[in-house]
Amino acid sequence: MNFSGILIGSEDPARLAEYYTRLFGEPGWSDFGYTGWMLGSGSITVGPHSDVRGANAQPGRIIWNIETPDVKGEFARLVAAGARVIAEPYTMDGMPDDSLIATLADPDDNYFQLMSPMDVSAM
């Protein structure tokens with residue numbers, strides 16, 4: 001199997017599309033109320049969903065990650081574009097100093113993180 005992307009359902013997908021366009025640039029597609037971007041080999045799509053109302057009441061339940069070798073630089077760029085900061089870049093206990101994570105949120109309170117690339121073969 002290959003995990004290929006995430007769909008974020010929203011009561012107001014146009015607001016999320018405008019937000020993520022500020023962060024990631026023009027979308028790669030926008031059809032039938034769904035708007036999406038390729039980030040590396042995975043995609044993020046926002047669109048309507050009948051089961052979703054208002055903000056995410058448990059934003060830490062699902063957190064999607066974006067790997068970058070420049071967490072601090074991308075963090076500054078995304079914050080300047082309007083991303084809401086949940087946690088500034090930090091190093092988790094027991095990890096090397098260059099292993100950074102930063103947590104951000106969209107207008108519906110969905111969390112996403114910038115992360116230093118991880119060597120999963122060493123795990």
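Which residues have the most contacts inside the largest nonpolar core? Point 2 gives the reply.

1. **Ground rules.** This is a predicted model, where local features need pLDDT of at least 70, side-chain atom pairs count only at pLDDT 80 or more, and totals for chains, interfaces and linings use all residues. Residues are numbered from 1 along each chain as its sequence is written, and side-chain values use heavy atoms, with hydrogens and water left out.

2. **The core.** The residues with the most contacts inside the largest nonpolar core are Tyr-20, Leu-23, Phe-24, Trp-64, Leu-78, Phe-112 and Leu-114. The core has 22 residues. A nonpolar core is a set of buried Ala, Val, Leu, Ile, Met, Phe, Trp, Tyr and Cys residues, joined through side-chain atoms within 4.5 Å. Buried means under 20% relative accessible area, exposed means over 50%, and partly exposed lies in between (1.4 Å probe, protein chains only). In soluble globular proteins, nonpolar side chains tend to be buried together.

3. **Who builds the core.** Two or more core residues come from each of these elements: helix 1 (13-24), strand 4 (42-48), strand 5, helix 2 (71-80), strand 7 and strand 8. Helix 1 gives the largest share, six residues. Helices (H or I, at least four residues) and strands (E, at least two) are DSSP runs, numbered from the N terminus.

4. **Leu-23.** Find Leu-23 in helix 1. Its relative accessibility is 1%, so Leu-23 counts as buried. Now look for Asp-106. Leu-23 and Asp-106 are 83 residues apart in sequence, yet their C-alpha atoms are 10 Å apart in space.

5. Four strands make an open sheet with mixed pairing, in the order 5-8-7-6. Two strands pair if DSSP finds at least two bridges between them. Strand 5 (64-67) and strand 6 (84-91) stand at the edges. Each has a single partner strand, so one side of each is left without a neighbour in the sheet. On average, neighbouring strands of this sheet are turned by 20° against each other, direction ignored. Axes here are lines fitted to C-alpha atoms, for helices over the stretch in contact, and angles run from 0 to 180 degrees between N-to-C directions.

6. **Strand 8 and its partners.** Strand 8 (residues 111-115) pairs with strand 7 (residues 100-105) in the antiparallel sense, over five bridges. Here Ala-105 stands opposite Tyr-111. Strand 8 also pairs with strand 5, in the parallel sense, over four bridges. In that pairing, Ile-66 has Leu-114 as its bridge partner.

7. **Is strand 8 buried or exposed?** Five of its five residues are buried, so strand 8 is largely enclosed by the rest of the structure. Both of its faces are covered. Tyr-111, Gln-113 and Met-115 lie on one side, with Phe-112 and Leu-114 on the other.

8. **The hairpin turn.** Strand 7 and strand 8 form a hairpin with five residues between them. In the turn, Asp-109 has a positive phi of about 70°. Asp-109 also forms a salt bridge with Arg-84, the closest N and O atoms being 2.0 Å apart. This pair links distant parts of the chain: Asp-109 is in the loop between strand 7 and strand 8, and Arg-84 is in strand 6, 25 residues apart. Asp-109 is partly exposed at 24% relative accessibility, and Arg-84 is partly exposed at 37%.

9. Side chains of opposite charge can pair when their charged atoms come close. A salt bridge is a side-chain nitrogen of Lys or Arg within 4 Å of a carboxyl oxygen of Asp or Glu. The count comes to five salt bridges. One of them joins Arg-15 to Asp-108 (2.3 Å, N to O). These two are 93 residues apart, with Arg-15 in helix 1 and Asp-108 in the loop between strand 7 and strand 8. Asp-108 is buried, at 3% relative accessible area, while Arg-15 is partly exposed at 37%. Asp-12, Arg-15 and Asp-108 are linked in a network of salt bridges.

10. Arg-22 and Glu-18 meet in a salt bridge (2.6 Å, N to O). Both lie in helix 1, four residues apart, about one turn of the helix.
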